[in-house]
Amino acid sequence: MTASTTAPGQNLKINGERLWDSLMEMAKIGPGVAGGNNRQTLTDADAEGRAMFQKWCEDAGCTMGLDTMGNMFATRAGSDPDALPVYVGSHLDTQPTGGKYDGVLGVLAGLELVRTLNDLDIKTKHPIVVTNWTNEEGTRFAPAMLSSGVFAGLHDEDWAKERTDRDGKRFGDELKRIGWEGDEPVGERKMKAFFELHIEQGPILEAEGKDIGVVTHGQGLDWTEVTITGKDAHTGSTPMPMRRNAGLGMARVLEKVDEIALAHGPSAVGAVGALEVYPNSRNVIPGKAVFTVDFRSPDIDVLAKMVGEMKEAAKAICDEMELDVSFEKVGGFDPVEFDKGCVTAIRSAAERLGYSHQDVISGAGHDACWINRVAPTAMVMCPCVDGLSHNEAEEITMEWARAGADVLLHAVVETAGVEG
């Protein structure tokens, strides 16, 4: 991507109070039980949040587009009708016990930058499009980033619409039910660039005292489901040397997962968050254990090496304990390197505005990771308290939100080009 040669002046800044008010108003829709939000995708609360976002966008002079996956595109016209639009946005859906900022900040900061340009009567050559991607969280309908994945060609639309929630309800049916299935074909829009602002979801920026994270890469991910099979037996009457304890085998593999991730640090990480033992009875030695190993790294070779080392270690542990082990890859994606031109626009904006900043690697998946496949893309991050997200206690400050939105504004305006 080639940025505009004219950078906006350092006095160009968003209205931080107005952005904060918008965040608080959106947080009233789908409130959680502990101060956060439960506005899961394709629920009535999601429909209500979408309607309010559309009204705000139309009040700001934008026209709303809606594709067949429910992705929303609010367009502020540019002076050149043939110029490719600059896109900005994130998602409005939340976790069941989610915070008020994850995803929402990126959408409403996009709206705020449009409002700011309107206030100052600034015209851009390229149109600016504020986007709300459907089902980024993937909590109700797996996988995550589902609709941006369809847009980028990773998923088939028919397959995506067949995804079901825990109650067996289909994505496609629920999208129609809440009234947010559009008729625009998915993925036909062309972009000059895409920018996404997001809370860090980690502790680095706050710990380092930085205002802005310039996201250069997104970590690759591998989910491997491991099944260890031993033999169910009575915990009281089976001698210790004669046990084939699948739960103990799992525990030893879990320790290896931690060792492997530490050995490939500092950027690599690994853990097991989902695990089950069978028959899961107090007085029965587990005969089977099933768990998913989550490895992440910005280096695809390191990612593959960690998975290989885990499998080798698990096999050795299970052989020694007379247990059987099998592996199945159940999810993953390759590492992402964001567009250097977009990354430079973000870094330059932070420097021009006097905000402290550092390069960071995103440890979580985002819609930007998929859009990066079809358009020049980059991300801005702001700190969050204690690095906590996907939790109702998720918190940021107005100053952090303002700084992130200011950098977003400058990067987008520089890329879209200012008239006059």
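Student: How much area is buried between domain 1 and domain 2?
Tutor: Buried area here is the accessible area (1.4 Å probe) that two parts lose on being put together, summed over both. Carbon and sulfur atoms give 71% of it, and the total between domain 1 and domain 2 is about 410 Å².

Student: Before we go on, what pLDDT do side-chain atom pairs need in order to count?
Tutor: Residues are numbered from 1 along each chain as its sequence is written, and side-chain values use heavy atoms, with hydrogens and water left out. This is a predicted model: totals for chains, interfaces and linings use all residues, local features need pLDDT of at least 70, and side-chain atom pairs count only at pLDDT 80 or more.

Student: Back to the domains: how far apart are their centres?
Tutor: The bounds come from an automatic or database domain assignment. Domain 1 is 16-217 + 336-419, while domain 2 is 220-333. Taken over C-alpha atoms, their centres are separated by 36 Å.

Student: Which residues of domain 1 lose the most area to domain 2?
Tutor: Start with the contacts (heavy atoms within 4.5 Å): 7 residues of domain 1 touch 4 residues of domain 2. Together, 55% of what the domain 1 side buries comes from Ile361, Gly363 and Trp370.

Student: And how many salt bridges cross that interface?
Tutor: A salt bridge means a side-chain nitrogen of Lys or Arg within 4 Å of a carboxyl oxygen of Asp or Glu. That rule gives 23 salt bridges by its count. Across the interface of domain 1 and domain 2, the number it finds is 0.

Student: Why does the salt bridge of Glu112 and Arg18 tie together parts that are apart in sequence, and how many residues apart are they?
Tutor: The closest N and O atoms of Glu112 and Arg18 are 2.9 Å apart. Helices (H or I, at least four residues) and strands (E, at least two) are DSSP runs, numbered from the N terminus. Glu112 sits in helix α3 (residues 104-119) and Arg18 in helix α1 (residues 16-27), so the separation in sequence between the parts they tie together is 94 residues.

Student: What is the bridge partner of Val277 in β11?
Tutor: β9 and β11 (residues 288-297) pair in the antiparallel sense over 9 bridges. Val277 has as its partner in β11 the residue Ala289.

Technical notes
Two strands pair if DSSP finds at least two bridges between them.
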